[in-house]
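Please look through the sequence and the three-dimensional structure shown here before reading on.

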Amino acid sequence: LCGYSEINTSPMVKDGKELTLLEQKTFAMLSALGSEFNTELKLTYHIDPGTGKFTYHDSNITQGPTKLDSAIYIEGDTARFTTTMSDKETTVALPPDVILENTLFFPHLKKDFVDGKLEKKSYDIYEVRENEVQKTTYTRVGTEKLELAGKTYNAIVLDKLNHKTGLKIKWWLDIENGYLLKAAYANRISYRSDASVVKKIKIANL
């Protein structure tokens, strides 16, 4: 157990439209090649509560001495990207059915895999880290009951495959609302917990 995320959501109004403000802070203690370095990540999303798509996103990453800030503005069918790594803005054309995922809840997956009972579906997802649209396929694995943070959840289990990067992730989503409960990556597992984890973390040797 080497790190944790704190996620808070609250209602907000921007340009007369009701949105959900999502703020996430992640902290991890890591070491590699004999050197210790902490990683801190702060994310902000302005999200359409009905679709789960974000209209604005910023990211502040600090890893050891390295800092990287970026912001994304969704303007119609275009994503406008700015970063401290460059003094130039870049824009990406978004297809009409693009998915603008946040990190917490996924209405499109609940709609297709819980309500629609699909076994597999591919989406064009705008990946904020790469600043481009990439195709990702979700495949139903099954359902599972999870005991997390003193509560019991009924979860749908999905395999996620990014076709460009080859990245594979297994997700457990709350059947009731499409919220992420657990995720298994190649080198780590994250899951819903309570605040006690903050005092339990230790350095992980990469």
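## Basis of the model

This is a predicted model, in which local features need pLDDT of at least 70 and side-chain atom pairs count only at pLDDT 80 or more, while totals for chains, interfaces and linings use all residues. Residues are numbered from 1 along each chain as its sequence is written, and side-chain values use heavy atoms, with hydrogens and water left out.

## The nonpolar cores

The largest nonpolar core has 18 residues, and those with the most contacts inside it are Phe54, Ile72, Ile74, Ala79, Leu94, Leu100 and Tyr126. Such a core is a set of buried Ala, Val, Leu, Ile, Met, Phe, Trp, Tyr and Cys residues joined through side-chain atoms within 4.5 Å, where buried means under 20% relative accessible area, exposed over 50%, and partly exposed in between (1.4 Å probe, protein chains only). Two or more residues of this core come from each of β3 (35-47), β5 (66-75) and β6 (78-83), and β3 gives the largest share, 4 residues. Helices (H or I, at least four residues) and strands (E, at least two) are DSSP runs, numbered from the N terminus.

Leaving aside neighbours within four places in sequence, Leu94 is in contact (heavy atoms within 4.5 Å) with Ile74, Asp77, Thr78, Ala79, Leu100, Tyr126 and Val133. Another core, of 15 residues, lies apart from the largest one, and Phe106, Phe113, Trp171 and Leu180 are among its members.

After α1 comes Lys117, which has a positive phi, near 55°.

Glu101 is placed in the loop between β7 (86-93) and α1 (107-115), and this residue is buried, with a relative accessible area of 11%. Its side chain takes part in a polar contact of 3.0 Å with the side chain of His108, and in another of 2.8 Å with the side chain of Tyr138. A polar contact is a pair of N or O atoms within 3.5 Å; within protein, one must be able to donate a hydrogen and the other to accept it, and residues adjacent in sequence count only if both atoms are side-chain atoms. Not counting residues up to four places away in sequence, Glu101 touches Tyr45, Phe54, Phe106, His108, Ile125, Tyr138, Lys160 and Trp171.

## Salt bridges

Side chains of opposite charge can pair when their charged atoms come close. A search of the whole structure finds 11 salt bridges, each being a side-chain nitrogen of Lys or Arg within 4 Å of a carboxyl oxygen of Asp or Glu. One of them joins Asp115 and Lys110, with the closest N and O atoms 3.3 Å apart. Lys121 and Asp112 meet in another (3.1 Å, N to O); Lys121 counts as partly exposed at 31% relative accessibility, whereas Asp112 counts as buried at 7%.

A further salt bridge is formed by the side chains of Lys164 and Glu132 (2.4 Å, N to O). Lys164 lies in the loop between β10 and β11 and Glu132 in strand β9, so this pair ties together parts that are 32 residues apart in sequence. Lys164 is exposed, with a relative accessible area of 58%, while Glu132 is partly exposed, with 25%. Elsewhere, salt bridges with shared partners join Glu75, Arg80 and Glu89 into one network.

Asp69 lies in strand β5 and counts as partly exposed, at 33% relative accessibility. The C-alpha atoms of Asp69 and Thr84 are separated by 5.5 Å, although these residues are 15 residues apart along the chain. Asp69 also has a side-chain polar contact of 3.1 Å with Asn60.

Thr39, in strand β3, is buried, with a relative accessible area of 15%. A polar contact of 3.0 Å joins its side chain to that of Gln63, and, not counting residues up to four places away in sequence, Thr39 touches Thr26, Phe27, Ala28, Leu30, Thr62 and Gln63.
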